Amino acid sequence: MPGCSPRTGHGSTLDFPAPPRAAKACAILKTGAVRGRRFGSGWQARRSSGSHSLDRVITMRLATILAMLGALLAWLSATTFQPESSATAAPAGTTRLQYVGAGSCASAACHSQPVPQGTTGCEYTTWASRDRHARAYTVLLEDRSKQIEKNLKRLPSLADAKPEENQFCLKCHALPLPPEQQGRTALLLDGVSCERCHGPAQHWLARHYLPDWQRTSATEKQRLGMYPTKDLVFRAELCASCHVGTTDADPIHDLLGAGHPRINHYEFSNHLAQMPPHWNERRERARQPGIEARAWAIGQVVSARAALELLEKRARDRTSPWPEFAEYECAACHHDLREPSIREQPGPGKPQLSALSWNTWFEPALPYALDGDLPPEFAEIRRLMAERYPDRDRVAPLARAAADRLREALPRVASARYDEPDQLARRLAAVADGPPPTGWDGAAQRYLALTALYRTLGELAPQRRQPSILASLRTLHGMLEPPPGRDVRNPHRLSLERFREEQQKIRDQLGR
Ligand code: HEC
Ligand code: HEC
Ligand code: HEC
Ligand code: HEC
């Protein structure tokens with residue numbers, strides 16, 4: 001298998017006992033195709049025991065990997081502000097502030113009032129009862145986390161695994177405590193809690209409910225440690241810091257191979273729509289018409305930049321496995337041998353087993369968000385990454401240069417108009433008119449782009465909603481779903497030609 005031999009960090013003699021089957025491996029559509037744009041739910045890696053040659057390992061673990069690919073489906077479903085470090089998306093000067101803990105926000109007079117979700121006062125209740133972030137730490141105490149930790153560190157038994165103490169896991173599953181607060185487990189228990197997204201409250205807790213807070217400037221709030229979550233660029237960077245990864249919390253293939261859901265691949269506006277809102281969305285939309293489409297565009301650029309920064313680090317850091325498998329389309333190595341798959345029928349747009357395709361997730365929809373071409377470095381990076389042993393010294397500066405170009409493009413993208421129906425319809429048409437996607441990742445990004453733009457169009461101009469477009473979107477959504485009656489998701493069942501035809505229908509319905 002190409003690209004595997006020089007790889008470090010993978011043993012072919014790993015011994016994995018079989019943990020319980022994933023109950024949710026074949027999840028079904030939870031919310032409507034278009035509302036939540038949500039597909040199924042989690043998965044859990046099932047490991048076969050014994051040692052195998054590399055090729056055999058891959059063949060035998062196929063079912064697992066396909067189940068794993070189910071995780072991909074799970075996620076489907078501005079200003080000049082610069083964070084000090086991409087590592088935590090924390091504004092300058094806030095990284096050493098103290099955290100007070102979510103308990104401080106939970107008073108019945110404050111963020112835990114008996115009011116409907118989405119109204120002021122609902123925040124704590126919504127987060128604690130409906131938001132998965134609230135259990136991001138406790139999930140580390142479960143056996144499936146222990147299993148990941150055991151696999152990752154090759155520990156002899158589950159009992160030796162303490163993922164809740166692994167700083168690597170904690171970076172994304174809890175608060176980033178400053179040194180003085182290290183060891184205060186009570187603060188970690190709340191997982192991804194209020195202050196992870198709104199900033200350490202040491203200096204603002206006692207002030208932010210006083211009448212004069214409303215008159216406090218945004219800059220002053222930030223100086224006190226509060227994060228500017230209203231700023232969509234900041235918000236996209238915040239979410240990407242865990243949902244794409246950062247240079248010091250890098251979700252490499254070893255983590256995925258150990259059984260962690262695939263996360264290095266997501267779409268911001270979709271994740272935002274899936275997070276149970278504890279803020280007033282109606283007010284937010286009134287303040288920023290077209291917010292969903294704009295979030296999609298900003299998210300494309302921010303995610304791509306975050307992913308390129310990861311690539312740069314992976315290439316520069318000699319202790320990091322290289323080539324990093326998480327950079328490639330998963331199906332390039334993990335393909336279904338039992339039935340004819342698109343991988344085995346060469347043709348235009350179908351990636352070849354012999355060529356590893358680099359970056360299948362953050363690129364397909366990016367040109368539409370940039371309103372122009374991809375950074376020129378992309379082509380060269382792709383060429384280098386397809387080589388058997390990519391030259392990391394050449395990849396690193398190219399990845400940096402491409403990331404810098406995206407950083408420069410961001411203010412333009414963030415201020416582009418997404419509140420004007422004709423323009424939105426044109427953008428929608430451009431995406432629908434695009435070339436056939438080259439694989440599942442690209443098809444998923446295409447679908448999510450179409451949905452974000454169509455939903456925004458329908459919101460700004462309800463008279464332009466068309467049942468036939470909605471029907472096409474549902475069909476596209478259905479194509480990304482696993483075939484019925486199967487325990488695992490098989491992305492190879494996706495017919496890219498059929499996908500393209502349906503996409504073209506949307507194009508035609510929009511009129512020329
Ligand atoms: C780069 C950030 C990051 C790191 C590092 C990380 N995780 Fe995660 N983890 C996530 C995200 C994001 C999700 C949610 C994925 C999704 O469903 O979209 C997640 C999901 C999970 C889940 C599934 C949760 C569920 O409710 O289904 C488990 C279990 C888990 N992580 C364990 C771990 C363990 C153990 C480690 C350390 C060995 C770890 N994670 C390291 C970001 C991270
Ligand atoms: C995963 C990130 C995240 C977590 C965790 C989180 N929030 Fe938020 N919060 C947001 C985003 C995004 C918004 C919407 C943007 C905004 O209004 O600032 C928001 C909005 C708010 C608002 C409305 C602000 C306004 O001016 O309308 C309040 C109040 C709030 N959050 C409080 C909390 C509290 C209390 C908790 C913990 C119980 C919490 N948040 C946890 C991300 C988060
Ligand atoms: C500190 C890291 C971190 C940040 C910041 C963060 N998340 Fe998460 N997110 C996680 C982890 C970890 C999970 C999985 C929790 C679990 O299931 O136990 C998760 C889960 C989710 C889920 C549920 C995924 C699913 O498949 O159901 C959504 C949606 C989500 N996050 C959206 C967001 C959005 C939107 C933002 C930004 C406003 C954000 N997250 C910021 C770490 C983070
Ligand atoms: C270049 C080839 C290659 C690519 C690309 C690749 N993998 Fe792997 N993967 C492997 C090899 C080799 C193993 C077996 C070695 C091991 O278990 O660590 C493996 C193991 C795994 C396992 C563990 C399976 C099991 O049952 O033990 C999972 C899960 C996995 N990969 C997920 C992914 C995901 C998700 C992607 C895409 C982001 C991906 N892989 C991309 C080569 C690859």
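1. A crossing of two helices is called left-handed if the near helix is turned anticlockwise from the far one by less than a right angle, and right-handed if clockwise. By that convention the crossing of α13 and α18 is left-handed, where helices are DSSP runs of H or I with at least four residues, numbered from the N terminus.

2. This is a predicted model, in which local features need pLDDT of at least 70, side-chain atom pairs count only at pLDDT 80 or more, and totals for chains, interfaces and linings use all residues. Residues are numbered from 1 along each chain as its sequence is written, while chains are lettered from A and ligands numbered from 1 in the order in which they are written.

3. The axes of α13 (residues 291-316) and α18 (residues 440-460) come within 7 Å and cross at roughly 155 degrees, the axes being lines fitted to C-alpha atoms over the stretch in contact, with angles from 0 to 180 degrees between N-to-C directions. The pair is therefore roughly antiparallel, a label for angles over 145 degrees.

4. In this contact (C-beta atoms, placed from the backbone, within 7 Å), Glu-292, Ala-293 and Trp-296 of α13 meet Ala-449, Ala-452, Leu-453, Arg-455 and Thr-456 of α18.

5. Around ligand 2 there are 18 residues, of which His-111, Cys-194, Cys-197, Thr-229 and Trp-279 come nearest; a residue is near if its C-beta atom, placed from the backbone, lies within 6 Å. Helix α7 gives the largest share of this shell, four residues.

6. Ligand 3 is surrounded by 22 residues, the closest being Arg-132, Val-139, Cys-239, Cys-242 and Gln-274, and the largest share of its shell, six residues, comes from α9.

Definitions and conventions
Helix = DSSP H or I, 4+ residues; strand = E, 2+ residues; numbered from the N terminus. Parallel < 35°, antiparallel > 145°, perpendicular 65-115°, else oblique. Contact = placed C-beta atoms within 7 Å.
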